[in-house]
Amino acid sequence: MNRQQQLDQFSLAVHRQALAAVRREPALREQARQTLARWRQQSGATRSDVLWDEWDQLLAGEVSALENAALVESDHGQLLRSVSPLGGLVSQSERMALLKQAREHAALQ
């Protein structure tokens with residue numbers, strides 16, 4: 001497994017963890033929407049705006065649609081995860097554990 005594949009698997013694992021948190025505590029979706037709003041305010045117009053618009057719509061919609069979009073293993077799914085506000089819902093210790101798992105999995109490949 002190359003470095004990019006390892007990072008993609010890590011990002012996917014972070015999003016699975018974040019979505020599990022959203023399922024337990026639906027109010028976390030609002031926290032992610034606030035993150036998007038803060039990013040937009042800080043950065044102004046960017047090439048990520050189209051993807052941030054998509055995240056905003058997903059966070060306002062059904063959890064199942066949010067899960068499908070965030071976890072799809074496609075080029076668009078990878079691109080969407082690369083500008084995702086969901087990563088902030090995962091603690092630093094959880095992120096480190098997921099990164100360790102991704103590295104161990106890559107070493108076995």
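Reader: Which residues of helix 4 are buried?
Author: This is a predicted model. In helix 4, the buried residues are L66, E67, A69 and A70.

Reader: What covers them?
Author: The cover over the buried residues of helix 4 includes helix 1, helix 2, helix 3 and helix 5.

Reader: Take helix 3, then. At what angle does helix 3 pack against helix 4?
Author: The angle is about 145°, and the axes of helix 3 and helix 4 are 7 Å apart.

Reader: Is that crossing left-handed or right-handed?
Author: Helix 3 and helix 4 make a left-handed crossing.

Reader: Which residues meet there?
Author: From helix 3, W55, L58 and L59; from helix 4, A65, L66, A69 and A70.

Reader: And by class, how many are nonpolar, polar or charged?
Author: The contact of helix 3 with helix 4 has 7 nonpolar residues, with no polar and no charged ones.

Reader: What does L66 touch, skipping sequence neighbours within four places?
Author: With those left aside, L66 is in contact with L19, R29, W55, L58, L59 and L86. W55, L58 and L59 are also on the helix 3 side of the contact with helix 4.

Reader: Back to helix 3 itself. How many residues does it have, and what is its reach from first C-alpha to last?
Author: Helix 3 has 12 residues and spans 16 Å between its first and last C-alpha, close to the 16 Å expected at 1.5 Å a residue.

Reader: Which of its residues are buried?
Author: In helix 3 the buried ones are D49, L51, W52, W55, L58 and L59. Helix 1, helix 2, helix 4 and helix 5 (75–82) are among what covers them.

Reader: Now the largest nonpolar core. Which residues touch the most other members?
Author: W55, L66 and L86 do, in a core of 26 residues. Two or more residues each come from helix 1 (3–24), helix 2 (28–43), helix 3 (49–60), helix 4 (63–71) and helix 6 (92–108).

Reader: Which helix gives the largest share?
Author: Helix 1, with 7 residues of this core.

Reader: What separates the C-alpha atoms of L7 and A32?
Author: The two C-alpha atoms are 21 Å apart, with L7 and A32 25 residues apart along the chain.

How values were computed
Residues numbered from 1 in each chain as written. Predicted model: local features only at pLDDT ≥ 70, side-chain atom pairs only at ≥ 80, totals over all residues. Heavy atoms only, no water. Core = buried A, V, L, I, M, F, W, Y, C linked by side-chain atoms within 4.5 Å. Buried < 20%, exposed > 50% of the residue type's maximum accessible area, 1.4 Å probe, protein only. Helix = DSSP H or I, 4+ residues; strand = E, 2+ residues; numbered from the N terminus. Contact = heavy atoms within 4.5 Å. Expected span 1.5 Å × (residues − 1). Axes fitted to C-alpha atoms, helices over the stretch in contact; angles between N-to-C directions. Left-handed = near helix turned anticlockwise from the far one by under 90°. Nonpolar A, V, L, I, M, F, W, Y, C, P; charged D, E, K, R; others polar.
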